[in-house]
Amino acid sequence: MSDRETSRRRIVGSLLGVGSLTVLGSRSARAQPTEKGRPNRYGESGTRGSSFRDPAYLNHLLDMGSARERVRTYERTGRTEALITPALQRAAASTDDGTVDVTVQTTGRRARVRTSGQFGRRLFGWQPTPAEVRRLGEYGDVGATMSVASTAVAVSNVAVEDLSELVDLPFVLEVGHDPEIAGVNGATRETSATVTTSSTPTADDLRTSAHSDFESVSQLLDVKVGGFVAGYEPDGVATAYGKNWAQEVGIDTDLAKDFSGAGGWRVSDDLTHADHGSDVLNTAAYMLKPFAQRNDHMVPIRIWDTSADGTDDPQASDFSNAVDYALKNDIAAGVCSLVVTGNVSYCPSSVCAELESYATAGYTMAVASGTQNNDTNVDYPAGSYFTVGVGAYNGASNDGFGRDEKSQYCTVSYYSDAASRAYCPWCHDYGGDAKFCPDIYSCGDFSAPDGGGLGGTSMAAPVVGAAGGLDVSSNPADSHYNRLSRYHDMNTHPVYPSDTSKLGGALYTPTLV
């Protein structure tokens, strides 16, 4: 974009204490700020019925009141920063090479999709237009775009000094950061020789009334369960379990997919952390094996890989595209034990547009909150309003359990009082100014049958993800608010100290069905 000096502005100064967009030169050089295009909104939201075979209407960015306010602010004042997320402002202020990777929410167009999975339902969603994608390609390298989940367009290697010009395009409604996925954070795995089964509960113990009480549930599993992981190990490769339980329950090999660009969802290279992904998916499958009705419930969705030299990590937009894929293929429950952005106390909004669509369709995703011994931040997207953030407990305490000392928790901010603006318009419109995370706890220190020990929120999340599969089977097309409320009402086994579990206590599956 070096030939557009007359319309280009620079990032200078400071906003929210981390960087600001200030116009160089006179604003009077512009007759008026660009008037933004408005979508032809549906006027309704959510599933139109009580079944996953009923149609669902997904929301546009401008269905969010705080997003509409920011667009009006831009149109009234011409303030470029009104349409640039705080997370991108931070990234732009700290870049070393003068470029940033961004996601652009556009005006877009309606997208009507008939899903390809077991439901064959109609989704009324959104996607960017081809003309918008072509225009954005003049500012950087455009990645894959959504089919139905949002109008987001990923653009990499955008010059910081071009951000203001990009914001001025009439179809650009918001520009956010597209960070590299941080990956695995704080999970533990031990060999069977190091596990003391007398003091550590087993995966079978978690099924009983002393823990999550899957045993009292008669609801059968009716849906696909996606594991948003770093891949799955093939036959013959040892996991913490004595066998690959996801394969025993049944993997839908037609739906399993790689979004990391690393060459497939089945891998055995330890550098990829496929052992971690296998343990996550095997844990969910082990909890669900009494409830399975078919031989294809489990769906590995690979969204992360790290090469030997630490380069070429996938980005948040790859996660977004994986969520879009889950929507199109009726994968109604999910578990994610990977970190998009680690250790944050506010919502960076990187993948919330797509997660909001996933939740609006009636689906649910359990996400590990992190195992780094922090009480002031959590891993994202566990802090998103549209996921079920999962903490870890460890051992008995009073009438319940004690929090695992490394399990992260905090109040996640969705709104900045200092800047008088939302960090994330999606979370703010649904969740208010803030939400405590985690939403629920599960055991973060247990042993696998005929295998080793599993620990951390990474392994607590798939237990909750398994329960989520039963929840959506029992309560199809329910609202995300109702699903969260069921988790927050769980008090059969409290988690202590009380300031670490301000919402739900320990997972108690009968509450969900």
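This is a predicted model: local features need pLDDT of at least 70, side-chain atom pairs count only at pLDDT 80 or more; totals for chains, interfaces and linings use all residues.
Student: Is cysteine 424 buried or exposed?
Tutor: Buried, because its relative accessibility is 0%. Cysteine 443 counts as buried too, at 2%.

Student: OK, zooming out. How many helices and strands does the protein chain have?
Tutor: Twelve helices and 28 strands. The protein chain has 513 residues, and buried ones make up 61% of them.

Student: And what share of the contacts join residues at least 24 apart in sequence?
Tutor: 78%, counting contacts between residues at least 6 apart in sequence.

Student: Let's talk helix packing. At what angle do helix 8 and helix 9 pack?
Tutor: About 20 degrees, with the axes 9 Å apart; helix 8 covers residues 316-328 and helix 9 covers 352-360. That angle is why helix 8 counts as roughly parallel to helix 9.

Student: Left-handed or right-handed crossing?
Tutor: The crossing of helix 8 and helix 9 is left-handed.

Student: Which residues meet there?
Tutor: From helix 8 you get Phe319, Ser320, Val323, Ala326 and Leu327, and they meet Glu354, Leu355, Ser357 and Tyr358 of helix 9. By class, that contact has six nonpolar residues, two polar and one charged.

Student: How many residues of helix 9 are buried?
Tutor: Nine of the nine, so helix 9 is largely enclosed by the rest of the structure. Those buried residues include Cys352, Glu354 and Glu356.

Student: What follows helix 9?
Tutor: Glycine 362 does, with a positive phi near 100 degrees.

Student: You mentioned Cys352. Where is serine 384, which is in contact with Cys352?
Tutor: Serine 384 is in the loop between strand 18 (378-380) and strand 19 (388-397). Leaving out neighbours within four places in sequence, serine 384 is in contact with Cys352, Leu355, Tyr414, Cys427 and Lys435.

Student: Switching to another helix pair. How do helix 7 and helix 11 pack?
Tutor: Helix 7 (residues 274-288) packs on helix 11 (residues 457-474) at an angle of about 40 degrees, and their axes are 8 Å apart. The two are therefore oblique to each other, and helix 7 passes helix 11 in a right-handed crossing.

Student: What does the contact look like by class?
Tutor: Nine nonpolar, three polar and one charged. On the helix 7 side, His276, Asp279, Val280, Thr283, Ala284, Met287 and Leu288 meet Ser458, Met459, Pro462, Val463, Ala466 and Leu470 of helix 11.

Student: Leu288 also touches valine 225. What else is in contact with valine 225?
Tutor: Besides Leu288, there are His297, Met298, Val299, Ile331 and Ala333, again leaving aside neighbours within four places in sequence. Valine 225 lies in strand 12 (residues 225-229) and is buried, with a relative accessible area of 0%.

Student: How far is valine 225 from threonine 364 in space?
Tutor: 9.8 Å, C-alpha to C-alpha, while the two are 139 residues apart in sequence.

Notes: Residues are numbered from 1 along each chain as its sequence is written. Side-chain values use heavy atoms; hydrogens and water are left out. Buried means under 20% relative accessible area, exposed over 50%, partly exposed in between (1.4 Å probe, protein chains only). Axes are lines fitted to C-alpha atoms, for helices over the stretch in contact, and angles run from 0 to 180 degrees between N-to-C directions. Helices (H or I, at least four residues) and strands (E, at least two) are DSSP runs, numbered from the N terminus. Angles under 35 degrees count as roughly parallel, over 145 as roughly antiparallel, 65 to 115 as roughly perpendicular and the rest as oblique. A crossing is left-handed if the near helix is turned anticlockwise from the far one by less than a right angle, and right-handed if clockwise. Contact means heavy atoms within 4.5 Å. Ala, Val, Leu, Ile, Met, Phe, Trp, Tyr, Cys and Pro count as nonpolar, Asp, Glu, Lys and Arg as charged, and the others, Gly among them, as polar.
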